[in-house]
Amino acid sequence: MSYTLHRTAAALVTLAFASVIIFFFIHLIPGDPLYVLLGDVATPDQVERLRSKLALDQPIFVQYLRWLANVASGDLGNSIFFQMPVTQVIRDGAETSILLASITMIWITLIGVPVGVIAAMRHGSWLDQGLSGVAMLLASVPTFWVGLYLILIFAAWLGWLPSSGYPSIFEEGGLANLRYLLLPSLTLAAPNAALILRLTRASMLDVAREDYIRTARAKGIRPARVVFRHILRNALLAVVSAFGFTFAALISEAVVTETVFALPGIGQLVVQSILRRDYPVIQGIILVTVVLYLIINLLVDLSYRVLDPRVELQ
Amino acid sequence: MSVLCQSMSRGAAVLAAALLLSSQAMGAGILRYATIGEPPSLDVQMGTATIAGTIGNHMFETLYAFDSQYKPQPLLATGEKIEDGGKTLVIGLRQGVKFHDGQEMTADDVVASLKRWGEFGARGQLLMKNATSLQATGKYEVTLKLSEPNGAWKNMLAYPEGGPAIYPAGIVSAAGNKPIEPKNYVGTGPYKFGEWRPNRYVELLRFDGYSKLPTPGDGYAGARVANFDAIRFVPVPDVGTRVSGVQAGDYDYAEFISGDLYDSLKSNAAIRIHRNGAPLFGLFFMNSASGILKDNFALRRAIQTALKKDEALRVSFGPKDLWNASGSLYPKGSPWYSEVGTQAYSAGDPAKAKQLAKDAGYTGTPIRLLVSTNYQAHFDQATVFTKQLAEAGINVQMIVVDWATLLKMRGQQDQWDIFVTHHGFVPDPILITFMNDSYAGWWKTPEKTRLVAAFTGTADPAAREKAWADLQALFYEQVPAMKVGDAYSYDIASRKLKGMGDSTVLWPHFWNVSN
Amino acid sequence: MTGLRWYLAPFTSRPLALVGLMILITICVAAVFAPLLAPYDPSRLAPEARLLPPSGAHWFGTDQFGRDTLSRVIYGTRLALVIGIGVVTFALVTGVPAGVFSALFPRIGRIVMRMIDVLMSFPALLLALGLIVILGRGVSNAIIAIGVVYLTTTCRITYGLALRLRTETYVEAAISLGAGVAWTIRKHILPNLISPLLVQASFVFAFAQLAAASLDFLGLGAPPEIPSWGNMLAESRILITRAPWLLFFPGLSIAITAFSLNLVGDALRDQLDPRFRDMIAGPRR
């Protein structure tokens, strides 16, 4: 119980520090959102008058406290560029990113884990070396390069799949629109599946060396049962935590893939907002992502405690 | 005509329009337009972003509008009386024009809109700084009094980008200098605001209560018939995606396609190319307020002498169809076209430039060139020019930043000597940025002030054209900026779109267009 | 088994890792001797020779400015090495001392690690992006931005390693016999950190390539005048159907470089003491 409380408290403290960094850090970015909003022709006078109208000329600390107070009540503020609430701006992007991340996780799990198990079971063989080599290769290739060539082959030359964009599944087309996410999810899945593959393999090999596995084998339990009931279940412990972080990373770091496939996701939105100096949107997205990371972190920590009683508070 | 006759003929016109609209409404569907990016606020009075103008033109209207010959014709106005030597303008307004919220447009709305535009609008000061009074002198009449006549007044009232769009009085007065929020986008245009989903699309819906003019559509003037149920503007930043989207049928129209793809698209039977009839031009602005170029016109001329501009144009824009190395600030065919001063436009003589620079006192100090990477053409041109200037012994140091940073740095006088931007086509030279003394670059000399006063002080077209030629000569003598050349952007459309014409006037518009 | 033989041993049994090592050496040679190896000046503009496919005169073709792709790929090795070395150095110089001191002085250590936690709760790419936009474009700024991301992992790893070492019996014995902090570090901790950190460094080097390429691709990395593989990909992206060779060679270069580094790092890691092996995360953040 105290472990849970301690961990939760730690997470909250981290969040508090993070909020400070988010706010001040972002306001360090040079450039001015109002010039972007009003355009090339705007005079400094017009810009300054708009600045005071939007209360952007208050001292930075005051702006921070107002932001914090608003966030506590669920209001992430108004986008400077769009002149509408940040939550509204993020909403569509969030749908795309979450869907993309989820589909990618499915590929990663379907490919990474079984292949990792096979490699571990055939440890040392040509198959194992080959698979590990391929995994390493996939983890080394720049994702956007893979993506661009997938587009070239499957969309431009063969015409099997759309090259880009993403009409929402809640609109015309319905679930068939998921095919727009096929190439992007495969592109994102490649390096991550490779990592999960290696992690599964390494984890299984580590567990297989443990004494209790030797005991199980000595007891005469069938090899397959040993693998699945004992080795895999314990090895998956390490892999599961990686899943959590991978999912969080997929949502926030898919920006390059989103750019290549012109997907209206969160990553794209953040980069565009940075270029437009749309501070409220940048802050809002980073805050949400940090909260997501911390929650996942917390859940992983707590799950370790539950799943493996040997873990104790450091 | 008696009031009864008037209302009956108007009623008949409305009925005919309604029948026309409803018969074409069947199966016209949605037009999907792939844009180059997300627009900032669509409050067109406040900002000058092209994409905001393209979208906003369907929702908002101005008192006058340009026909295909770039002449302003009455749109929301019926006509005008000019009194007092051009200092008093009495503008009559059309009756029965409805806003999207169902209210009728009256003089109060026009006065409120023009007042706000004059005070806070992007280009409002150009006209309204000399306004002594603006009043509603009747339910359908406004009177504007200026302290001096301004020959460009009608052009300014007709230009919607950063211009006096007419909004309802209540909304515009409440907004003040804050951009109007999407929920309050109310105008008089053939389409009304539907929905804005950031990163996905901006959707406009047909406005069934639109009052169209009886005259046929001509450019932006005349009747505007909305044939589509809705128009969706989808931001697609990647040009390759825009193109493949049109080919695949995902979009009906895609704007700003890059020059490299022109040749292969021209031969594509399924696609029509719409070249913009109104060219953009790149401008390299000199810092007239501070730094090495401040008062040194001779050095500026030396710099321009070193440049061979068609090389930069070829690298930035590609096929010859899409650019023109012309020194005149306006293209041939425009009443403002002139060759005065253009001998200095692109001499391409590095040896002579070196000598001129030396004579001007240049000793090799680095000249800071501020350029952004967001517009590839800017960066390409800057790269080419830097190399050409190096051959003339002129040392240029490129400061490469992103556009938002450039906009900020540009306002700091000691941070740069030259900055790079481009300029859209404007129907009246008074709207060109460097004509405004406070625009970055800060060009303000006694000669300029004199010539600008002569230019705006008369409404006689011949006199204005002469004054403009003098200004162009001054432009090449004092070099407040260097023109790179004319660039014709082009859009592509599916062949099913009818009514577009081969080239667009200013921005593409989708009234009088159908599938 | 220590010293050079320790480092070379894994390569004798792993042909693939040996290939990786050879490739890395080739890249270093290319970087140093670029002016001799490249057939053309990488910044030479030749608009009349735009967008030529690979041919005898231009083995890798030309780009939209007429620049020779092969020469640019060769010169690109320089930036790749600069970024890699820069990021690794930054991460080690900042992360290692922080990690070691945090392990030896637990009270300050906990605060420092909390700060690291805060930094790690930010998505890595966004952190780097934000830093780049604040600092401005440029190679040294890109190094700092990516370096900050990896200093967090380096610090964490060093902290874990140093903690484990500190609780070794012989170290505790030395401390109880009156050994000073500086001596402990020098004699016991640092020497044992070298191998694991070297392995980590090779993975960081690899990942720095990909991170830098991503930044370049978004237009926020190295300035456009410098031949960089990532910039080459960004600039030729719209021409993918017209000139696919422009994308192929720079992308391949990035992939081969990262792959070789990962292979080498992996091979060395298998040499490590199993206790330390798990702490080196491998080719990921």
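1. In this predicted model, the contact between chains B and A takes 38 residues from chain B and 37 residues from chain A. On the side of chain B that touches chain A, helices α7 (239-248) and α13 (403-410) of chain B each supply at least two residues. That side of chain B divides into 13 nonpolar, 15 polar and ten charged residues.

2. Chain A also meets chain C: 36 residues of chain A are in contact with 37 residues of chain C. Eight elements of chain A, namely α1 (2-27), α6 (126-140), α7 (143-157), α8 (182-208), α10 (223-253), α11 (255-261), α12 (266-276) and α13 (279-307), each supply at least two residues of the side that touches chain C. The largest share of this side, six residues, comes from α1(A). By class, the side of chain A that touches chain C consists of 28 nonpolar, six polar and two charged residues.

3. Within chain C, one helix pair deserves a description. Helix α6 (residues 124-135) of chain C packs against helix α7 (residues 139-166) of chain C at an angle of about 150 degrees, and their axes are 8 Å apart. Angles over 145 degrees count as roughly antiparallel, and α6(C) and α7(C) are therefore roughly antiparallel to each other. The crossing in which α6(C) passes α7(C) is right-handed.

4. The residues that make this helix contact can be listed for both partners. From α6(C) come C:A124, C:L127, C:A128, C:L131, C:I132 and C:L135. From α7(C) come C:N141, C:A142, C:I144, C:A145, C:I146, C:V148 and C:V149. The contact of α6(C) with α7(C) has twelve nonpolar residues, one polar residue and no charged residues.

5. Chain B contains an open sheet of six strands with mixed pairing, in the order β14-β18-β13-β17-β15-β16. Strands β14 (323-324) and β16 (396-401) of chain B are the edges of this sheet, each pairing on one side only. Strand β14(B) runs antiparallel to β18 (residues 481-487) of chain B, and two bridges join them. B:W323 has B:A487 of β18(B) as its bridge partner.

6. Two helices of chain B pack on the six-stranded sheet. Helix α12 (residues 376-391) of chain B touches β13 (280-286), β15 (367-372), β16, β17 (418-423) and β18 of chain B, and its direction makes about 160 degrees with that of β15(B). Helix α13(B) touches β15, β16 and β17 of chain B, and its direction makes about 140 degrees with that of β15(B).

Key: Residues numbered from 1 in each chain as written. Chains lettered and ligands numbered in written order. Predicted model: local features only at pLDDT ≥ 70, side-chain atom pairs only at ≥ 80, totals over all residues. Contact = placed C-beta atoms within 7 Å. Helix = DSSP H or I, 4+ residues; strand = E, 2+ residues; numbered from the N terminus. Nonpolar A, V, L, I, M, F, W, Y, C, P; charged D, E, K, R; others polar. Pairing = 2+ DSSP bridges. Axes fitted to C-alpha atoms, helices over the stretch in contact; angles between N-to-C directions. Parallel < 35°, antiparallel > 145°, perpendicular 65-115°, else oblique. Left-handed = near helix turned anticlockwise from the far one by under 90°.
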